[in-house]
Amino acid sequence: MYLCNETITVFNASYDADTGYDVYTGTVVTGASWHCGIESTVDTSGLKAANKFTIRIPEGADFSGKAYADPVAYAGGDPASLFTLQNGDIIVKGEVTETSSKPADLLKNYESFTILGVTDNRRAKAPHWKVVGA
């Protein structure tokens with residue numbers, strides 16, 4: 001896939017029954033594409049604009065030894081060996097090695113976004129996942 005030369009870190013939430021809170025586990029992915037554009041709209045209160053991120057992750061990217069699992073399988077699996085792409089999780093541009101990060105800190109301290117949608121294009125000519133967010 002063209003221009004897939006970025007490193008990203010995907011932070012997945014998983015529920016910790018002991019604390020009653022979500023814990024975020026990072027997976028470094030090498031070989032993704034990263035695009036940020038501006039989306040705007042006009043409503044009764046005026047012009048509004050926001051960053052729109054589009055990431056493409058080829059099926060053959062390096063997932064740091066982890067395997068992709070759909071969100072349902074990830075919820076019942078081991079975050080040390082699996083990662084997923086689901087709404088509400090966070091993607092950071094670059095490699096982040098923090099083991100447990102709060103979403104607010106990730107969004108504040110890094111070029112990052114919250115996942116709003118995922119399209120599984122692994123049946124395409126160039127198999128990949130398309131991830132959009134803001």
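Tutor: A disulfide is counted where two cysteine sulfur atoms lie within 2.5 Å. In general, a disulfide is a covalent bond between the sulfur atoms of two cysteines. This is a predicted model, in which local features need pLDDT of at least 70 and side-chain atom pairs count only at pLDDT 80 or more, while totals for chains, interfaces and linings use all residues. Residues are numbered from 1 along each chain as its sequence is written, and side-chain values use heavy atoms, with hydrogens and water left out.

Student: How many disulfides does a search of the whole structure find?

Tutor: The search finds 0 disulfides. The sulfur of Cys4 has its closest cysteine sulfur in Cys36, 17 Å away, and that is too far for a bond. As for accessibility, buried means under 20% relative accessible area, exposed over 50%, and partly exposed in between (1.4 Å probe, protein chains only). Cys4 is buried at 17%, whereas Cys36 is partly exposed at 33%.

Student: How should I read the strands, and what do they form?

Tutor: Strands of a sheet pair through backbone hydrogen bonds, either parallel or antiparallel. Strands here are DSSP runs (E, at least two residues), numbered from the N terminus, and two of them pair if DSSP finds at least two bridges between them. In this model a closed barrel of 6 strands runs S1-S2-S3-S8-S7-S6, with antiparallel pairing. The twist averages 45° from one strand to the next, where axes are lines fitted to C-alpha atoms and angles run from 0 to 180 degrees between N-to-C directions.

Student: How many bridges join S1 to S2?

Tutor: Strand S1 (residues 6-16) and strand S2 (residues 21-43) run antiparallel and are joined by 11 bridges. For example, Ile8 has Val29 in S2 as its bridge partner. The two strands form a hairpin with 4 residues between them, and Gly20 in the turn has a positive phi of about 80°. S2 and S3 are likewise antiparallel, with 11 bridges, and the hairpin that joins them has 2 residues. Across this pairing, Thr41 stands opposite Lys48 in S3.

Student: How are the nonpolar residues grouped, and which have the most contacts inside the largest core?

Tutor: A nonpolar core is a set of buried Ala, Val, Leu, Ile, Met, Phe, Trp, Tyr and Cys residues joined through side-chain atoms within 4.5 Å. The largest has 17 residues, and those with the most contacts inside it are Ile8, Ile55, Ile57, Ile91, Phe113 and Val131. At least two residues of this core come from each of S1, S2, S3, strand S7 (112-121) and strand S8 (128-133). Another core, of 7 residues, lies apart from it and includes Phe11 and Leu106.

Student: What does Ile8 touch beyond its sequence neighbours?

Tutor: Contact means heavy atoms within 4.5 Å. Leaving aside neighbours within four places in sequence, the contacts of Ile8 include Val29, Trp34, Ile55, Ile57 and Ile91. Counted in that way, Ala49 is in contact with Ile38, Glu39 and Ser40. Ala49 is found in strand S3 and is exposed, at 59%.

Student: How are aromatic pairs judged, and how many are found?

Tutor: Rings of Phe, Tyr and Trp (its six-membered ring) pair if their centres lie within 6.5 Å; planes under 30 degrees apart count as stacked, over 60 as edge-to-face and the rest as tilted. The whole structure has 7 aromatic pairs. One of them, Trp34 with Phe53, is edge-to-face, at 5.4 Å centre to centre and 65° between the planes. This pair links distant parts of the chain, with Trp34 in strand S2 and Phe53 in strand S3 (residues 46-58), 19 residues apart. Trp34 is buried at 13%, and Phe53 is buried at 6%. Ring pairs also link Phe63, Tyr68, Phe83 and Trp129 into a cluster.
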